[in-house]
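Please open the model in your viewer and keep the selection panel at hand. The stops below go from the whole chain to a single strand pairing.

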Amino acid sequence: MSSETQTEDESADSYEVIVVGGGPGGLTTALYTTRLNHETALINRGGGRAAMMVDTHNVIGVPEEVSGNEFLQTAKEQLEHYGTDLYQDFVTEVEFTDQEEHRFEVSTTSETYYADSVVLSTGFTDGRPEPPLPRTGRGLHYCLHCDGYMFRGESAYVMGHDEGAAHVAMILLNFADSVDILLRGEEPTWSSETDELVRAHPVEIIESDIESMFKDEDDPEWLGGFEFENGERREYFGGFAMYGSDYNNDLAAGLGCEINDDGTVAVDDDGKTTVDGVYAVGDLTPGNNQIPVAMGKGAKAGISIHMELRTYPKSLDELEAEGEIEAAAADDD
Ligand SMILES: Cc1cc2nc3c(=O)[nH]c(=O)nc-3n(C[C@H](O)[C@H](O)[C@H](O)COP(=O)(O)OP(=O)(O)OC[C@H]3O[C@@H](n4cnc5c(N)ncnc54)[C@H](O)[C@@H]3O)c2cc1C
């Protein structure tokens, strides 16, 4: 284990809540459970989708020029301030114990921890195009709702050949002046209905593969365009890569949580999975893949865990079983 902050009490290994994954979803759950007074640890490998952000869009109160890593660092400092234990490590397995408390054993590459509740916020990995590539955030983009705005009046490409690529290309017409789909020598796998639809839109479909890319003359950090194997040269402001999502759902599947057909983990409105005590939040679950959405899911899961774990209020049955009601009645006499 390489601990980011665990220096004072190296022996502490049991928690009420263990969050796996330190993106916006997991960080928010950990902030809530910590501030709702539950001993919480967050175990994060590092990287992830938020760390890929060059700028941060659509997050009220966060300036656009804040990078993903700066955003995450601020969040980690908030957690440290309230006393969350942060570990930089990779969780290899989560198993059931036979104990009533500490129902889960969480194994990392080098340590074992115990928890009453486990939250999975392990996200997904974007399928990447083969080189040549512009830099992510500087002509290569993965998040339409985050970056579509910057394509207003510009020329855009969508790299890919599946249903998602065709639909993102059509949606991008709401922003960009021109949109090309770059098949890169692959046959489209979209349906015949989608084929008819996309060809009826003002989207150009380029079959030839890319041979090389060139940079923007005014800003060498940005993409200028691509040269294709058929000799064509096309200028682009930038575009989106659509090569699918590889969901990091191994831990959820290992625990027996229901996994949806697309690889997301099935959850209820509070992030509860189909397995008692196991929650999932953020991009790992169905819905829009956005920071405010991941944070909202993280918050709801945090509050729901608090409602499960908190001691008070007790039910009348519990209080009667403890004899406190009789004691109070006796005092009144
Ligand atoms: C290039 C790019 C730009 C984007 N820009 C924006 C934007 O401007 N605004 C916006 O709202 N959204 C943006 N998004 C989307 C946003 O980043 C995601 O919706 C958000 O990060 C999801 O948060 P998360 O916590 O679910 O997952 P992630 O941020 O992906 O974090 C998951 C974390 O879990 C860790 N992990 C996975 N498995 C394990 C394991 N077994 N053990 C330990 N750790 C593990 C990963 O290492 C990672 O740190 C962008 C996405 C991309 C790719």
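Into which domains is the protein divided? This is a predicted model, and the protein is divided into domain 1, made of residues 3-125 together with 245-322, and domain 2, which covers 140-241.

Next, select the contact between them, to which domain 1 contributes seven residues and domain 2 contributes six residues. About 450 Å² is buried between domain 1 and domain 2, with carbon and sulfur atoms giving 50% of that area. The residues of domain 1 that touch domain 2 divide into one nonpolar, five polar and one charged. If you look for specific interactions across this boundary, the count is zero salt bridges between domain 1 and domain 2, while one residue pair, both at pLDDT 80 or more, is in polar contact.

Now turn to the strands. Select the open sheet of five strands, whose order is S9-S16-S10-S11-S12 with parallel pairing. Its edges are strand S9 (140-141) and strand S12 (203-206), each of which pairs on one side only.

For the last stop, select strand S10 (residues 155-159) and strand S16 (residues 238-241), which pair in the parallel sense over four bridges. Centre the view on Ala156, whose bridge partner in S16 is Gly238.

Definitions and conventions:
Residues are numbered from 1 along each chain as its sequence is written. This is a predicted model: local features need pLDDT of at least 70, side-chain atom pairs count only at pLDDT 80 or more; totals for chains, interfaces and linings use all residues. Side-chain values use heavy atoms; hydrogens and water are left out. Domain bounds come from an automatic or database domain assignment. Contact means heavy atoms within 4.5 Å. Buried area is the accessible area (1.4 Å probe) that two parts lose on being put together, summed over both. A salt bridge is a side-chain nitrogen of Lys or Arg within 4 Å of a carboxyl oxygen of Asp or Glu. A polar contact is a pair of N or O atoms within 3.5 Å; within protein, one must be able to donate a hydrogen and the other to accept it, and residues adjacent in sequence count only if both atoms are side-chain atoms. Ala, Val, Leu, Ile, Met, Phe, Trp, Tyr, Cys and Pro count as nonpolar, Asp, Glu, Lys and Arg as charged, and the others, Gly among them, as polar. Two strands pair if DSSP finds at least two bridges between them. Helices (H or I, at least four residues) and strands (E, at least two) are DSSP runs, numbered from the N terminus.
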